[in-house]
Amino acid sequence: MSSLQSRKDEIAAKKAKLAELKRQRELRAKDLSHSRQSIGGPGGNLAEVRNASPLRSGRTTQSREDIDSLISSLVPDRPSSSSGTRTPARSPGKRASGVEQARDGSQPPTTKLYQDAATDTLSFAEFQTVYEIPVESKAEVINYSKGVQTTEVWEDDDHELGFTGRGTSLDRRRREGLSDRERELEEESIRQRLRVEIEEELRALELEDKTVPDKDRFPVRSLQPEELNVVTSSNDFLDFVERSSKVIERALDEEYDLLADYAQLNSLDSVNDADDDYTGRRGRRIKEIASFPLTDQMGTKRMISSLDFSPKFPELLCTAYTKSQTSPHTPPGLLNIWNLHLKGRPEYSLNATSDLLSCLFHPYHPSLILGGTYSGQLCLWDTRSRNQRTGEPVQKTPLTGGRTGHAHPIYSLAVVGTQNASSVVSVSTDGVVCAWSTDMLTQPQEYLELHAPANSSGPGAFKTDDVAPTSISFPASDPTYFLAGTEQGAILPVHRYDRAAAKAGVDARVSYLGHMAPVTALDFHPSRGKVDLGDLFVSAGMDWSVKVWRAKAGAGAGGSQLQGEAVKPLLEIQREDTVYDVRWSPTKPAVFGLVDGGGLLDIYDLLVSTEVPVASATPSQHQNSADTLGFASSGGSGMKSLARLAWEKSQGKVVAVGGLDGVSTVFEVGEELGGLETKAESWVGMRKLVGRLGRAGG
């Protein structure tokens, strides 16, 4: 039986129930009117009864003994069998009415009169006959199936008793007389009956579904061209398509087998370490794992100006590009966020109105990305905003210059502070340092102009030249002090605030002179181990050299430093080409990587060698171009220089490089060059090495 037919049967049963209730109501009304007519008919019996009542006759002084004597004289005259439903205690009004009728000479009250009165009084009990009508309402029983599963005894079973035709009070008394075991058996029988009814309805629904398999509950309607354009151009639809397509592409790009047990294959990885994709000895290998070239739509022949990994999502790589030389219609500044698991296209593609020279993930807000432009603007993008579809920044600094921002190129950015109070520090080549809040970029919180110290001496400092910083770096322990590498080749300590022995600005007491050409990169040691190495920093310059320094403790904090002291480097490594970038490993104390104009990625381990790198690699696209042009892989015009380098911040096992060709290449390093497992001897050995180099240089 289908669900529709069962519903019709249920409605018909309810209609029958309502008709029966109406019929019973009419019968009761007829009986009531008949009884009233028998009492108050044409003979005037009702009036006589009312007049005969002791309450209405005015005989209020009659004693109770007289009433009892009259009643005793009347009761023996009536047969005892005629009052089957009569009660011993009757109302004084009814008794007195019979007495008054006898005195008036009218017909005494007969048995029929008492029977009619009894029928009139007990006729209200006929309401219980309504429940004797069997009504099928299976749906109501199914709705209370959860109540059936409880262990409590039902106190009200009127619905169930209506099916069996028994009275409510009788069945309740019967249940109270049952034992606990009998009650459980009765409840179990109810559950079984409900279970059978539910299964029957489920089977009926399955049969109904099988009979109409091709019936569409929601028929597909073809949209009109105008409606289709509205849907496809809506923001929600575009967000859905973009998000879903990225998920599908990422799943298709993943190289893994769903049926393989990688827990057992881990032992085979160590055997395959000597694969052709790796270069170098075991433990110091370098393997190229990803490459991200630009498409024609983005604009080719862009140069990579900055790289940075996300501190929260290690698979995200931020890449900043300069203006395209072949596509003038594309935005001048381009910033792509690549995903190592999505190699077909960038996760986000953002743009700016000028060439981007620096980019940085906010360390405390992973969805915020900062970028410095050639025009002096500081841009802020938010990947949660709808502007990320158009690529426009959500905030940017003004271009008015003066004390409201920068008017020259911004080559370096840094974020210092804590989770609750952080500042964005930017420096431009005109010697202006600004501190910004990400909540408001219209006005800098701090503004500082750098001037060359008047009493400085040395080949890297000039009294008449302005300070033109190209890179800055903050130590991990002090957000109020940083080093700035300049175009003059000098590395100057800078204080953001006034101190006891030095004012805000360039500290004239100390200068790090060693480079004979502009400084291209500067990086403080991250110092995340048992030994504090936070005073070490490494620098690179266009004089084809890399230098390791030790910052002077308390420079500018007291009078212990000599006036105009020039600090020499601890270690100097000469290269065969210009070094454009150098970065410490975030996990290994003695490891740093660099990229040069020859297109090489070299990784040094100072505990192994202070002169030659322990591992080197070249991007595959550089090798292919060199082979195509017929040049050797070690040199020639086929090689393209690399300009930027970035380490993955959490584990340090991945390093990204990029250069003039606009291609970002990601390498994976071995366990000796990256990873969280670092021996304590490495930190102690690095501290001893710094001590030996300091004594040798002093």
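Which residue of β28 stands opposite L601?

1. In this predicted model, the residue that stands opposite L601 is A617 in β28. The strand β27, which covers residues 601-605, is joined to β28 by three bridges, and the two run antiparallel.

2. This pair belongs to an open sheet of four strands, in the order β25-β26-β27-β28 and with antiparallel pairing. At its edges stand β25 (579-584) and β28 (615-617), each of which has a single partner strand, so that one side of each is left without a neighbour in the sheet. On average, and with direction ignored, neighbouring strands of this sheet are turned by 15 degrees against each other.

3. The largest nonpolar core holds 23 residues, and those with the most contacts inside it are V546, V582, W584, F592, L594, L606 and M686. Two or more residues each come from β21 (536-541), β22 (545-550), β24 (571-574), β25, β26 (591-596) and α16, with α16 giving the most, namely five residues.

4. As for F592, leaving aside residues up to four places away in sequence, this residue touches several others, among them V546, I573, V582, W584, I603, Y604, L606 and W647; its contacts also include R583, S585 and D602. A second, separate core of 17 residues includes V467, F474, A484 and L492.

5. Helix α16, which spans residues 680-697, also contains G691.

Note on methods:
Residues are numbered from 1 along each chain as its sequence is written. This is a predicted model: local features need pLDDT of at least 70, side-chain atom pairs count only at pLDDT 80 or more; totals for chains, interfaces and linings use all residues. Side-chain values use heavy atoms; hydrogens and water are left out. Two strands pair if DSSP finds at least two bridges between them. Axes are lines fitted to C-alpha atoms, for helices over the stretch in contact, and angles run from 0 to 180 degrees between N-to-C directions. A nonpolar core is a set of buried Ala, Val, Leu, Ile, Met, Phe, Trp, Tyr and Cys residues joined through side-chain atoms within 4.5 Å. Buried means under 20% relative accessible area, exposed over 50%, partly exposed in between (1.4 Å probe, protein chains only). Contact means heavy atoms within 4.5 Å.
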